[in-house]
Amino acid sequence: MKIEHIAMYVKDLEKTKTFFETYLNARANAGYHNPKTDFRSYFLSFDDGARLEIMNKPQMQDSSKVLTQTGYIHIAFSVGSKEKVDELTAKLKEDGYEIISGPRITGDGYYESCVVEIEGNQIEITV
């Protein structure tokens with residue numbers, strides 16, 4: 001058994017797609033639009049076969065996000081080396097994204113950094 005994909009609603013579909021393409025090498029499908037409901041989505045595929053569905057529809061509730069809450073809290077991406085964690089973290093910081101931790105070695109041995117991505121969602125970058 002495997003996780004087939006993860007899905008998240010976002011306010012700005014195009015900006016979110018561009019973020020994942022630019023920084024995390026995502027490849028987007030052509031997109032989907034249901035004209036009756038105005039639901040729109042993209043499936044973003046990553047090198048190892050993992051997929052993220054980003055979605056948007058009118059009248060979405062946008063609850064405030066806090067860093068410690070119940071439910072899904074972040075998506076982690078493995079970039080292959082400590083140097084690549086450092087490089088991507090520096091690039092994200094340079095481009096104005098909030099780095100909330102790291103790069104560092106965590107208590108359980110991960111080398112990682114965490115960034116607050118578009119719309120307050122956390123992205124973890126690890127080896």
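# Notebook: core, sheet, rings and charges

I used buried for under 20% relative accessible area, exposed for over 50%, and partly exposed for what lies in between, with a 1.4 Å probe and protein chains only. The element names follow DSSP runs numbered from the N terminus, helices being H or I with at least four residues and strands being E with at least two.

I note here that this is a predicted model, in which local features need pLDDT of at least 70 and side-chain atom pairs count only at pLDDT 80 or more, while totals for chains, interfaces and linings use all residues. Residues are numbered from 1 along each chain as its sequence is written, and side-chain values use heavy atoms, with hydrogens and water left out.

**Entry on Phe-20.** I looked up what Phe-20 touches, not counting residues up to four places away in sequence, and found Asn-25, Ala-26, Leu-44, Phe-46, Leu-52, Phe-77, Glu-117 and Ile-123. Contact here means heavy atoms within 4.5 Å.

**Entry on the rings.** A search of the whole structure gave me eight aromatic pairs. Rings of Phe, Tyr and Trp (its six-membered ring) pair if their centres lie within 6.5 Å, and planes under 30 degrees apart count as stacked, over 60 as edge-to-face and the rest as tilted. Phe-19 and Tyr-97 form an edge-to-face pair, at 5.1 Å centre to centre and with 70 degrees between the planes. That pair links distant parts of the chain, since Phe-19 lies in helix α1 and Tyr-97 in the loop between α2 and β7, 78 residues apart. Phe-19 counts as buried, at 3% relative accessibility. The rings of Phe-20 and Phe-46 have their centres 6.4 Å apart and their planes at 75 degrees, so I recorded this pair too as edge-to-face. Here again distant parts of the chain are linked, with Phe-20 in helix α1 and Phe-46 in the loop between β4 and β5, 26 residues apart. Both Phe-20 and Phe-46 are buried. I also noted that ring pairs link Phe-19, Phe-20, Tyr-23, Phe-46, Phe-77 and Tyr-97 into a cluster.

**Entry on the sheet.** I traced an open sheet of four strands, in the order β6-β9-β8-β7 and with mixed pairing. Its edge strands are β6 (74–78) and β7, each pairing on one side only. The twist averages 15 degrees from one strand to the next, with axes taken as lines fitted to C-alpha atoms and angles running from 0 to 180 degrees between N-to-C directions. Two strands pair if DSSP finds at least two bridges between them, and β7 (residues 98–105) pairs with β8 in the antiparallel sense over five bridges. Ser-101 has Cys-114 in β8 as its bridge partner. In the hairpin of β7 and β8, with five residues between the strands, Gly-109 takes a positive phi near 95 degrees.

**Entry on the charges.** I found seven salt bridges in the whole structure, a salt bridge being a side-chain nitrogen of Lys or Arg within 4 Å of a carboxyl oxygen of Asp or Glu. One of them joins Glu-21 to Lys-17, with the closest N and O atoms 3.5 Å apart. Because Glu-21 and Lys-17 are four residues apart in helix α1 (residues 13–24), they are separated by about one helical turn. Glu-21 is partly exposed at 28% relative accessible area, whereas Lys-17 is buried at 14%. Leaving aside its neighbours within four places in sequence, Lys-17 is in contact with Ala-28, Tyr-42, Leu-44 and Ile-54.

I also looked up Arg-27 and Asp-47, whose salt bridge has its closest N and O atoms 3.1 Å apart. The pair links distant parts of the chain, Arg-27 being in strand β2 (residues 27–28) and Asp-47 in the loop between β4 (39–45) and β5 (51–56), 20 residues apart. Arg-27 is partly exposed at 43%, and Asp-47 is exposed at 67%.
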